[in-house]
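Subject: Handover of a structure and notes on its contents

Dear colleague,

Please find below the structure that I am passing on to you. My notes follow directly after it.

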Amino acid sequence: GKRGLISKIMLLTISPLKLKGEGFLIWEGLELKRSQGWLYLPELRQVRRINLISHSGHQHDDSESESDLLFGDMANVLTGPGERLFVGEEMIQGEAFVVIEEDSRLDGVAIKRRHWVSPRNGTIHKIEHRSAEGDLLKTQWIEWQEVNGVWVWKRTEVHSSRSRHKTIVELA
């Protein structure tokens, strides 16, 4: 909430080897225009600022990206334009979760997701990403850890329904 920010994210790549050492720093604002991003390129030993507005909703197909975890998947917030509906409760590994369906548009692209939210701490543990027609595209699982009173990602795993592979990101 300070200075209009809702999150700060830093990612360092350790694999695949050709991308090792790349780093991303993202300050996510309540409004996209207040968000800031930087990319560190180790082979150039330089930091470049990223225009996050041009990357909002930016998608790559499987041929362009080895990862199913896209830039827009990292926010995991249930705010902004679009409709959200409570669709029920579900137990996952003995814990109750509230299930919320999201139906919105970003730059003309339909976004349909289903979120499993912990009523205990408000974290999102599972997200199903669906096509405009409702077909399952990928499922994202998120493990959280509390650090100094703030809930942060510990690990996320994304399973693609199309390619049948998965992307795992572990944060230390």
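Is Arg 114 buried, partly exposed or exposed? Arg 114 is partly exposed, with a relative accessible area of 27%; here buried means under 20% relative accessible area, exposed means over 50%, and partly exposed lies in between (1.4 Å probe, protein chains only).

Before the remaining findings, a word on the basis of these notes. This is a predicted model, in which local features need pLDDT of at least 70 and side-chain atom pairs count only at pLDDT 80 or more, while totals for chains, interfaces and linings use all residues. Residues are numbered from 1 along each chain as its sequence is written, and side-chain values use heavy atoms, with hydrogens and water left out.

Confidence and overall layout

The mean pLDDT (the predictor's confidence in each residue, from 0 to 100) of the protein is 78, and 74% of its residues reach 70 or more. Over residues 54–65, pLDDT stays under 50, and the model has eleven contacts beyond four places in sequence for this stretch; a contact means heavy atoms within 4.5 Å. Where pLDDT is low, the predicted coordinates should not be read in detail.

The protein has one helix and eleven strands, these being DSSP runs numbered from the N terminus (helices H or I, at least four residues; strands E, at least two). Along the sequence, the pattern is β-β-β-β-α-β-β-β-β-β-β-β. Of the 172 residues in the protein, 33% are buried. Among contacts with a separation of 6 or more, 25% are between residues 24 or more positions apart.

Salt bridges

A search of the whole structure finds nine salt bridges, each defined as a side-chain nitrogen of Lys or Arg within 4 Å of a carboxyl oxygen of Asp or Glu. One of them joins the side chains of Arg 114 and Glu 101 (2.3 Å, N to O). This pair links distant parts of the chain, with Arg 114 in strand S7 (residues 109–117) and Glu 101 in strand S6 (residues 95–106), 13 residues apart. Glu 101 is partly exposed, at 32% relative accessible area.

Another salt bridge is formed by the side chains of Glu 102 and Arg 113 (3.0 Å, N to O). Glu 102 lies in strand S6 and Arg 113 in strand S7, so this pair ties together parts eleven residues apart in sequence. Both Glu 102 and Arg 113 are buried.

Lys 112 forms a salt bridge with Asp 103, the closest N and O atoms being 3.1 Å apart. Lys 112 is partly exposed at 25% relative accessible area, and Asp 103 is partly exposed at 37%. Salt bridges that share partners also join Arg 84, Glu 102 and Arg 113 into one network.

Core and surface

The largest nonpolar core has seven residues: Val 98, Ile 100, Val 117, Ile 124, Ile 127, Ile 142 and Trp 153. Such a core is a set of buried Ala, Val, Leu, Ile, Met, Phe, Trp, Tyr and Cys residues joined through side-chain atoms within 4.5 Å. S6 and strand S8 (124–130) are the elements that give two or more residues to this core.

The accessible surface of the protein comes to about 11400 Å², of which 53% belongs to carbon and sulfur atoms; areas come from the Shrake-Rupley method with a 1.4 Å probe, and for residues only the protein chains shown count as cover.

With kind regards
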